[in-house]
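Please look over the structure shown below, and then work through the questions and answers that follow it.

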Amino acid sequence: MAKWIIGIIIVVLLGAALWYSGALSSLGLGMSASQTPTSTAQMATTTQQAAAPQPENGMAATNDASDAAITQDTAAVDAQMQGLTSDSANVDSSLNDKQTAQSY
Amino acid sequence: MKRIQYLTLLIAISLGLITLAPAFAAAQTAAVTTSASVTLTAAEKTAISRGDTEITRRIAALNDLNTRIQAMQKVTDAFKAGISASITNEVNTLTTLKAKIDADTDLATLKTDIQSITGSYRVFALVLPQGRIAAAADREVELVSMMSTLGAKLQARITTAQQGGATTTALTAALTDMAAKLQDAQTQAEAAVTASASLLPDGGDKTKMASNDAALKQARADLKTAQTDLAAARKDVTTIVSGLNKLNASANASSTTQVSH
């Protein structure tokens, strides 16, 4: 009887070891976590594809170094510089804000 | 007999006074209340008007800031959501306060509510500059990114000119300076956000108020340094583009001369 119990324990331990090492994954029996890296990798790939470098804020294509592209980029930079001037004025305004007197 | 009549009369008058006393007192109280109410209504109106003006001004400023925050490009959605939540919370607080002030019917409550406008100002006085600083820093980081892209293109053009035998020492120097300025602008913009983003309302604590004020001023100084860096980098772009144009012109002139020979 004891031999049977030891045998069952050994079989169970071997099965657990195989399951943990992912050796059964090829049979579709592996732990679900083993699929995670694949899913994550797929997601990362998808994200990378979605987040491929795009011209930003009116800039020309990243790989375009022509005169026209440089002119376009310079204009886009100047537009943002103007926006920064506005942002900067808003920072000053917010720091210098005084509340209206509320006593009466 | 006359004494009895006098006594009866006195008792009657006394009883009458006693009976009438509450009514008289009530009438007097009513008169005071009415009188005070009339006087205080004018004061209340002025106070309500001032309170409404102050609250409306703050709500408009916060809503404008929220719109700007949504347009930020270089921060995470979580960062934007955090600032936006603070703004929305403050707007809701002020909106509720305004409604309460408008509905107040006695001076004591109104005074308390008006005073809470001043109390809430401590939150407003922090949230507004925090958001404005974050927005300006975001724009600066965006500009660093854009000019870096442009710098890579200029680098390619300088390399091409070098390969064509042109002297590009001045252009390369300008490009190197541009890179250094952009690097510093990035550092300063990040420092501005670091100095200001984690500040908490002082709640009337003068020490905290002073440290918040110092941190916001430091952040402002960082932003100005970054802005100066970006302006210098922009000048470098002009120098490089102008230099490249001159090289192109001289190259064209040279080839024209060669052809004419």
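**Fold, contact and confidence**

Q: Which helix supplies the largest share of the side of chain B that touches chain A?
A: The contact draws 26 residues from chain A and 38 residues from chain B. On the chain B side, helix H1 (2-70), helix H3 (107-163) and helix H5 (206-260) each supply at least two residues. The largest share, 23 residues, comes from H3(B).

Q: How many charged residues has the side of chain B that touches chain A?
A: Sorted by class, the side of chain B that touches chain A has 21 nonpolar and seven polar residues. The charged residues there number ten.

Q: Where in chain A is confidence lowest among the helices, and what is the mean there?
A: For chain A the mean pLDDT is 69, and 48% of its residues reach 70 or more. Confidence in chain A is highest in helix H3 (residues 67-95), at a mean of 97, whereas pLDDT stays under 50 over residues 21-49 of chain A, for which the model has eleven contacts beyond four places in sequence. Where pLDDT is low, the predicted coordinates should not be read in detail. Confidence in chain A is lowest in helix H2 (residues 36-50), at a mean of 39.

Key: Residues numbered from 1 in each chain as written. Chains lettered and ligands numbered in written order. Predicted model: local features only at pLDDT ≥ 70, side-chain atom pairs only at ≥ 80, totals over all residues. Contact = placed C-beta atoms within 7 Å. Helix = DSSP H or I, 4+ residues; strand = E, 2+ residues; numbered from the N terminus. Nonpolar A, V, L, I, M, F, W, Y, C, P; charged D, E, K, R; others polar. pLDDT = per-residue confidence, 0-100.
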